[in-house]
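Please look over the chain below before reading on.

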Amino acid sequence: MPPTTPTAPARRAVIAFLAAAAVLGAAAVPAVAAPHGPAAGHAAHGHGGHGDAARLGYRKAVATAVVKGVFERGDTAVVDRFVRSDYLQHNPTAADGSAGLKALAASIHQQFPDARYDVKRAIVQGDLVLLHSNVVLVPGTKGSSVIDIFRFQGGKLAEHWDVIQDVPDTTASGNDMFSTLSSPRVSQPLDHRLTQANQALVTRAFDELMVHKDLTALDRYWAPDYLQHNPQMLNGVAAAKAGLGGYFASAPQLTVTPERIIAEGDLVAVHSHYVNYPGDRGLAILDLFRVRDGKIVEHWDITQAVPETSANGNGMF
């Protein structure tokens, strides 16, 4: 929110690799150690105590251990340890199952030995972990912005969704697609006691603005000078009104369906299916909002066109 037009495809080999590699997630998550003990059980929702916090932290650590092992080292043992054999895949170019990850490990590492997943932020809620990363296949290139969502079951990765977008050379606002600019300038979630309140606020705001197309919601829920990381949008509510107003006018049959909302502290993510007109396959869009003092102050997003076919038949949502 607002949507962007996907950039032109890169080389076929790079696209094929990136689509498969998005299954894998990211490199190290700051301040989360890799797991060494037995797998944790199902997550409790929220941050109700030390046990809950440990289980939720474990999920970030497991996702990190798997993706770093597979993506950067071609490690298949980490897949055996932390990925369910019946792993469900929503990346449209990747097959279901842990066997697919193991098969990818060696070929990915061989083709792009210097590729890196640079995790910019990670949030966890219940059995879902979200990683926002800059994926750079070839050193010196800008790479792609990728958001992965993993669902846990029995302490292992059980399901995966992602959205991928090329990083452009320039942006309308001058803000890159990854940095945190609102104060305090830290990328990890803060104010965990406000998770439920912030999730409720963003849920209402998104419903009023994007589902019901009420531009006045921007005045109620957004800070006037809110910071924008969508590469086609300027900062501020006025720019958002102009951009979204034009989009709504150009797509009068637009429907926006939120599929999942994930919140931790001051960060709230909304994973949605945007359909511009009946029969349109639409767009997968992941909006990530930062809430401070009861207002949305910063926004990142990633947009990907829903393809005609899928290797797994599960759809992107």
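Helices (H or I, at least four residues) and strands (E, at least two) are DSSP runs, numbered from the N terminus. The model is a predicted one, in which local features need pLDDT of at least 70 and side-chain atom pairs count only at pLDDT 80 or more, while totals for chains, interfaces and linings use all residues. Residues are numbered from 1 along each chain as its sequence is written, and side-chain values use heavy atoms, with hydrogens and water left out.

Within helix 5, the buried residues are Thr195, Asn198, Gln199, Leu201, Val202, Ala205, Phe206, Leu209 and Met210, where buried means under 20% relative accessible area, exposed over 50% and partly exposed in between (1.4 Å probe, protein chains only). Seen down the axis of helix 5, these buried residues fall within an arc of 160°, so they line one face of the helix; the arc is that of the directions from the helix axis to the C-beta atoms. After helix 5 comes Lys213, whose phi is positive, near 60°.

What does helix 5 lie across? Helix 5 (residues 195–211) lies across strand 6, strand 7, strand 8 (267–275), strand 9 (283–292) and strand 10, and runs at about 165° to strand 7. Such angles run from 0 to 180 degrees between N-to-C directions, with axes fitted as lines to C-alpha atoms, for helices over the stretch in contact.

These five strands form an open sheet in the order 6-10-9-8-7, with mixed pairing; two strands pair if DSSP finds at least two bridges between them. Strand 6 (222–228) and strand 7 (255–264) are the edge strands, each pairing on one side only. On average, neighbouring strands of this sheet are turned by 25° against each other, direction ignored. Strand 6 runs parallel to strand 10 (residues 295–305) and is joined to strand 10 by three bridges, and Trp222 has Ile296 in strand 10 as its bridge partner.

Ala223 also lies in strand 6 and is buried, with a relative accessible area of 10%. Leaving aside residues up to four places away in sequence, Ala223 touches Val237, Lys295, Ile296 and Val297, contact meaning heavy atoms within 4.5 Å. The C-alpha atoms of Ala223 and Gly236 are separated by 7.7 Å, although these residues are 13 residues apart along the chain.

Val237 leads on to helix 7, where Val237, Ala240, Leu244, Tyr247 and Phe248 are the buried residues. Seen down the axis of helix 7, they fall within an arc of 95°, so they line one face of the helix. These buried residues pack against helix 5, helix 6 (217–221), strand 6 and strand 8, whereas the face turned away from the buried side carries the exposed residues Ala238, Ala242, Ala249 and Ser250.

For the chain as a whole, the secondary structure comes to seven helices and 10 strands, and 53% of its 317 residues count as buried. Of the contacts in the chain with a separation of 6 or more, 63% are accounted for by residues 24 or more positions apart.
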